[in-house]
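My entries follow in the order I made them.

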Amino acid sequence: MKCSLCGREAVFYQAFTNKYLCRECFIEDVRKRIANEVKDKRMFSERDNLLLAISGGKDSFVLLDAVSHFHPSSKIIALSIVEGIPGYNRQEYIERIKKYTKERGIDTVITSIKEFVGYSLGEIVEKSREMGIELSPCTYCGSLRRRIINVYARELGADRTLTAHNLDDEVQTVFMNILRGDPERLLRQHPLSPKLSDKLVQRVKPLRKIYEYEAAFYAYLLGFKFQETECPYIIYQPTLRARIRHWLYMLEREAPGVELRILEFFDNLLLDRTNKLKELNSLPTCRICGEPTSIGRDVCKLCEMLEKAGIEPKYNYPKHMGKWRAKGEG
Ligand SMILES: [Zn+2]
Ligand SMILES: [Zn+2]
């Protein structure tokens, strides 16, 4: 089969456009769509300092590579967080992250859940079980990762944090928020929703219009070796998201492009409503840690979860690491 754009040998069938693409046209297409979405949703400009959350999974390497093609490397820092999950050795992936970032002239900061809160994720899960709490490890992990990313971004003086959520992740989350009956979360998921606290660094998702199968193929073509071992805690993952994923997969097979249309539909439908979020003004502050929390709470979810697990919520903030801060404020 020949490439629908240039006539070279095709390596990829893009079902939602019904096009065959060669290696070069495929890579170009993905990079262009990422850059366009960044521009279209005003995610960041050339002047902004960016913190990229790099997990070591395929999507995070696609994010790293694509963004490094249109943003100056001196204005990018990669952050990787070691969870500390027993039997899920990540040392070789840390080495790979360091290699891939170095090749692109990007600085890397490696930290861990243990460094931040004094306990690894494995230890937190163990303590919570001793206390008879049946929260999924993914709940602790997600909450801690979000907090660490925001704190590091703020301390480094970053203007934006970038995460590697792809189209499939985003559409699943849309339906999760609908099925939970949570319009506020649905609105806050919108790419143009305002940030609700000075202590939050705006989080953006440049891969939100890239299918997971495209990200996987891009990572494969560029020769990235990514974390393929499944997290051992996957068995505790809430089943709702897995069911939605399966359902969307079936729909996408029947009607290629359906996920893209769903996301664009919500982007347009909710555009005017994101302004309503501004009326919420500023989020309240947690009386334990001083970080922003959700409307109607006086202790944040993270402090509450740790306390229930018998862990004193005390956080080790990074010190003297403001590579950009010094420049920006000096
Ligand atoms: Zn081509
Ligand atoms: Zn707190």
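Predicted model: local features only at pLDDT ≥ 70, side-chain atom pairs only at ≥ 80, totals over all residues.

I started with Cys6, which sits in the segment before strand 1. Setting aside residues within four places in sequence, I found Cys6 in contact with Cys22 and Cys25.

Next I took Cys3. Cys3 also belongs to the segment before strand 1, and that strand covers 12-14. Cys3 has 19 C-beta neighbours inside 10 Å and therefore counts as partly exposed. Buried would need 20 or more. Beyond four places in sequence, Cys3 touches Arg8, Ala10, Tyr20, Leu21, Cys22 and Cys25.

I then checked the record. Which residues does UniProt list for "binding site"? The unreviewed entry gives Cys3, Cys6, Cys22 and Cys25. They are spread over 23 residues of sequence, yet they cluster in space, with a largest C-alpha distance of 8.0 Å.

Helix 2 came next. Is helix 2, residues 58-68, largely enclosed or open? I found 10 of its 11 residues buried, so the rest of the structure largely encloses helix 2. I noted the buried ones: Lys58, Asp59, Ser60, Phe61, Val62, Leu63, Leu64, Asp65, Ala66 and Val67. The list includes Lys58, Asp59 and Asp65, which count as charged. I looked up what the buried residues pack against. The helices are helix 1 (23-40), helix 3 (91-103) and helix 9 (212-221). The strands are strand 3 (50-53), strand 4 (76-82) and strand 6 (160-162).

I logged the crossing of helix 1 and helix 9 as left-handed. Which residues meet there? Arg23, Ile27 and Val30 in helix 1 meet Glu214, Tyr218 and Leu221 in helix 9. I sorted the contact residues into 4 nonpolar, no polar and 2 charged. I kept one reason in mind for the spacing: an α-helix has 3.6 residues a turn, so residues three or four places apart point the same way.

Last, I looked at Met250. Met250 lies in helix 10, residues 239-254. I found 11 C-beta neighbours inside 10 Å, so Met250 counts as exposed. I also took the C-alpha separation of Met250 and Tyr236, 14 residues apart along the chain: 24 Å.

How values were computed:
Residues numbered from 1 in each chain as written. Chains lettered and ligands numbered in written order. Buried ≥ 20, exposed ≤ 12 C-beta atoms within 10 Å, placed from the backbone. Helix = DSSP H or I, 4+ residues; strand = E, 2+ residues; numbered from the N terminus. Contact = placed C-beta atoms within 7 Å. UniProt positions renumbered as here; feature names shortened; annotations may be inferred. Left-handed = near helix turned anticlockwise from the far one by under 90°.
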